[in-house]
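Hi there,

Here is the protein I promised to pass on to you. Have a look at it first, and then read my notes below.

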Amino acid sequence: MPFSHAVAQIDYDEDDTPDDSASPQWRRRIVIWILAAIGLGLGFLIPYSLYLNHEVGQRFGQLRWQIPTRVYARPLELAPGLAMDAGTLKTELDAAAYRQGDGVREGSYSREGGRWRISSRGFNDVDGSVPKRRVEVVLSGGRVASVRDAASRKALRGARLDPARIATLYGQKQEERRLVRIDEVPELLVTGLQAVEDRDFNHHIGIDFTGMLRAAFKTATGSRQGASTLTQQLARSGLLGIGKEQTLQRKGKEILYALLIEARYDKRTILEAYLNQVYLGQRGNQAIHGVAAGAEFWFGRDLRDLTTEQIALLVGIVRGPSWYDPRRNPERALERRNFALGEFHETGLIDDAEYQRALKAPLGVTDSPRAIAANRFPAYVDLVRRQLARDYPEDELAGAGLSVMTGMSPAAQANAEGSVARTLKSLSHRTRPELQAGVVVTDVHNGEVVAVVGAREFTEHGFNRAVEAQRPVGSLLKPFVYLLALAQPERFSLASWVDDSPVTVNLGKGKNWNPGNSDGRSHGTVRLIDALAQSYNQATVRVGMQVAPERIADLIRTLAGIEAAPNPALILGSVDQSPYAMAQLYQFLASGGEIQPLHAVRGVLDANGKALKRYDKEPAPAQEGDAIAARLITIALQQAVSSGTGRQLMSDGLGRLSPAGKTGTSNDGRDSWFAGWTGDHLAVIWVGNDQNKTTGLYGATGAMRVWSALFARLPTAPLQVGDKGLDWQWVIGSNTTDAGCAGARRFAFVAGFAPAYTPCPAPEPTLPEEGAEGEDTGGGWREWFGIGERREEPDPAKRVPEAPVDGQ
């Protein structure tokens with residue numbers, strides 16, 4: 001019997017007659033199988049959907065993105081009388097990504113001669129929100145002449161401009177992102193995105209069936225067309241952990257996610273999430289996410305400042321940031337941008353005139369994405385990290401979405417970097433080891449650090465010489481020896497006579513110390529002010545032994561936290577310190593006697609712009625005695641610049657600033673130092689080499705040249721010393737006298753401590769002026785030929801080895 005016939009017989013009854021119920025039985029079985037399949041499917045799908053729904057609620061609902069912590073410079077304050085020139089203002093505006101334009105649109109400026117019109121953006125600072133504003137600023141004579149409101153023409157006491165971003169601290173994920181609310185996104189970007197990517201966004205349920213059929217047809221005919229809605233794109237963007245592989249399983253998961261997102265959230269919330277999550281580019285290992293970060297990455301602009309054609313390009317490259325990369329593939333990018341403009345025009349978002357104008361416009365991208373550089377200023381940011389480490393562990397700071405507001409001045413930083421680069425290049429010599437430098441610049445009014453340079457190649461990461469280099473400071477410590485002396489007005493004054501003859505200090509155990517002067521000469525009896533201005537070692541040691549090395553050690557510990565052994569060699573600077581530590585020490589003098597802890601960070605804001613911590617507290621007023629002593633030292637160090645070891649600054653044209661400063665040189669010319677300040681800024685500079693080899697440079701020929709180059713360009717106020725607590729008198733010999741007395745000099749005394757008055761002595765033509773009485777009034781021909789700066793190394797047997805013997 002054939003097999004098919006045998007099988008057919010299975011369905012017959014015993015009487016071999018066909019059973020009419022066979023067909024219904026098969027139908028019942030099919031129905032049962034279908035129901036079973038549905039049940040099994042639902043049994044899997046319902047729990048799986050519940051699981052996915054939980055994932056959506058947890059990941060999407062909380063929007064747990066890792067947001068980089070951003071580090072900002074200080075806001076630029078413009079006020080009448082502020083030292084400012086056109087070049088500096090432009091540097092500040094460029095750093096903050098302002099663009100030259102009409103001065104009306106946010107983030108733009110215009111210029112007509114000395115008149116600037118600036119339209120600032122609103123921002124959050126440590127003291128609260130600062131609204132956007134249009135101002136007119138007039139510069140004249142190196143200063144801000146006036147500040148007015150551009151609309152009302154009302155004179156303003158000042159205006160603050162939003163700061164430049166100087167660094168980004170990323171978390172584990174190298175993602176550049178700045179969250180924005182949908183209200184902060186230009187309307188054309190919101191509607192244009194939908195016109196190009198998902199026109200039916202406001203009506204579909206997360207998936208577009210018509211689009212899917214259209215895409216399937218296109219695929220069948222050999223072409224490709226995307227069918228994903230914005231919701232599906234969001235689901236697979238990485239926000240919800242869906243991979244990018246093209247599989248049915250992934251597509252099914254994407255569709256489920258899209259449906260769940262649409263069921264849980266309104267269209268506005270979904271669109272806002274998309275705008276913050278969309279991938280828009282890559283720089284190295286930094287992924288650029290969100291339209292705000294994309295605007296900075298491609299155009300160096302704030303999102304609010306984008307033009308029509310830039311918005312079209314941003315929308316266009318959503319489809320493929322690598323394929324349409326406008327820096328690498330400008331032709332593709334231009335074609336894609338013009339396609340987006342066409343969609344804008346077709347849907348009525350832009351009119352004919354704007355469409356035609358935008359088509360002719362260039363792409364408008366920056367040459368490089370400088371606006372989001374991770375760390376353009378490594379030495380400064382290193383100081384920021386060190387300060388924040390006291391309050392914020394590294395893993396809590398990076399990627400936390402905070403805003404770190406610092407005291408950096410982009411213009412001061414640029415000038416400091418340029419001064420180091422130019423000066424060290426000019427000092428380079430084939431027989432000289434490669435020179436390095438460390439620079440710290442501060443604001444004398446509040447202790448903010450405005451610039452830091454840690455290396456000759458200032459963009460290099462690693463060893464920060466401004467903070468970490470520990471080098472002998474030499475004569476940089478001398479002013480604090482004299483500070484202690486002048487704090488005893490009954491014993492010392494600037495007019496006091498001190499002995500600059502050879503000196504021997506008994507160190508005990510049969511050891512003596514015989515420090516010499518840098519020029520190898522003794523200068524006899526000299527005024528105290530001249531001993532400091534000319535940096536005479538022998539006179540300084542005598543003064544230092546009278547005030548006691550222990551007190552010097554206590555003073556520098558109190559003012560700057562510097563720990564030093566209280567031995568006699570400390571008088572001449574036998575202590576290793578960094579430029580930053582010396583800046584902290586000199587801040588006391590530059591601020592007029594205030595205890596001002598230096599700080600790079602002004603404050604930290606949370607992700608909502610609310611201040612978490614402030615570091616920019618007003619310093620306590622100087623004690624009266626401290627202020628008077630600081631004024632006296634400042635007067636002496638102004639003389640050091642006008643006629644002492646820093647007199648080259650006068651030849652450099654910096655006499656207009658009336659600066660005060662002190663040179664320093666370590667043994668054998670290994671380390672060159674200069675600390676100097678004006679009415680606004682203090683800068684401490686070290687120049688040397690990492691091998692600790694002789695450079696042949698003194699303080700005046702190395703570090704001071706960097707200082708000179710910096711302050712030749714840095715807008716800053718002249719240094720003016722107040723007279724409060726001082727009594728200026730004309731002096732001859734050891735007494736005060738009349739102003740017209742021949743040979744008399746004018747000195748400042750602590751009020752109430754001027755010496756007794758004596759009438760003007762009768763003129764004696766044969767007698768020399770006061771200098772013959774022991775006062776060194778200048779170097780004469782030695783100064784003309786530079787011999788006064790020549791240094792002869794003293795006999796090593798006559799000095800303590802670790803003690804610098806420098807007069808500069």
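There are four cavities of 30 Å³ or more in this predicted model. To find them, a 1 Å grid is laid over the protein atoms alone, and a cavity is a set of points where a 1.4 Å probe fits but cannot get out; lining residues have an atom within 4 Å of a point. Grid points are joined across faces, edges and corners, and a volume is the space filled by probe spheres set on the points. The general idea is that rolling a probe the size of a water molecule over the atoms shows where empty space is left.

The largest cavity holds about 70 Å³ of space. Its lining has 13 residues, and L76, E92, A96, D162 and A164 lie nearest its centre. Sorted by type, that lining has 10 nonpolar residues, three charged ones and no polar ones. Here Ala, Val, Leu, Ile, Met, Phe, Trp, Tyr, Cys and Pro count as nonpolar, Asp, Glu, Lys and Arg as charged, and the others, Gly among them, as polar.

The second largest cavity has a volume of about 40 Å³. Around it you will find L486, P489, F492, S493, L632, F749, V750 and F753. Seven residues of this lining are nonpolar and one is polar, with no charged residue.

A word on numbering and on how the values were made: residues are numbered from 1 along each chain as its sequence is written. Since this is a predicted model, local features need pLDDT of at least 70 and side-chain atom pairs count only at pLDDT 80 or more, while totals for chains, interfaces and linings use all residues, and side-chain values use heavy atoms, with hydrogens and water left out.

How confident is the predictor? The mean pLDDT (the predictor's confidence in each residue, from 0 to 100) is 84, and 80% of the residues reach 70 or more. Residues 1–18 form one of them, with six contacts beyond four places in sequence; a contact means heavy atoms within 4.5 Å. Residues 769–805 also stay under 50, and the model has 81 such contacts for them. Where pLDDT is low, the predicted coordinates should not be read in detail.

Now the overall fold. The protein has 24 helices and 31 strands, where helices (H or I, at least four residues) and strands (E, at least two) are DSSP runs, numbered from the N terminus. Of its 808 residues, 53% count as buried; buried means under 20% relative accessible area, exposed over 50%, and partly exposed in between (1.4 Å probe, protein chains only).

Is T423 buried or exposed? T423 counts as buried because its relative accessible area is 6%. Leaving out residues up to four places away in sequence, T423 touches G702, R705, V706 and A709.

Finally, two backbone angles to look at. Most residues other than glycine have a negative phi. A97 has a positive phi, near 65 degrees, and lies in the loop between α3 (86–95) and β3 (99–100). A97 is partly exposed, at 25% relative accessibility. S658 also has a positive phi, near 45 degrees, and sits in the loop between α22 (648–651) and β26 (660–665). With 32% relative accessibility, S658 is partly exposed.

Happy exploring!

Key:
1 Å grid on protein atoms, 1.4 Å probe; cavity = no way out; pocket = protein on both sides within 12 Å on 5 of 7 lines; lining within 4 Å.
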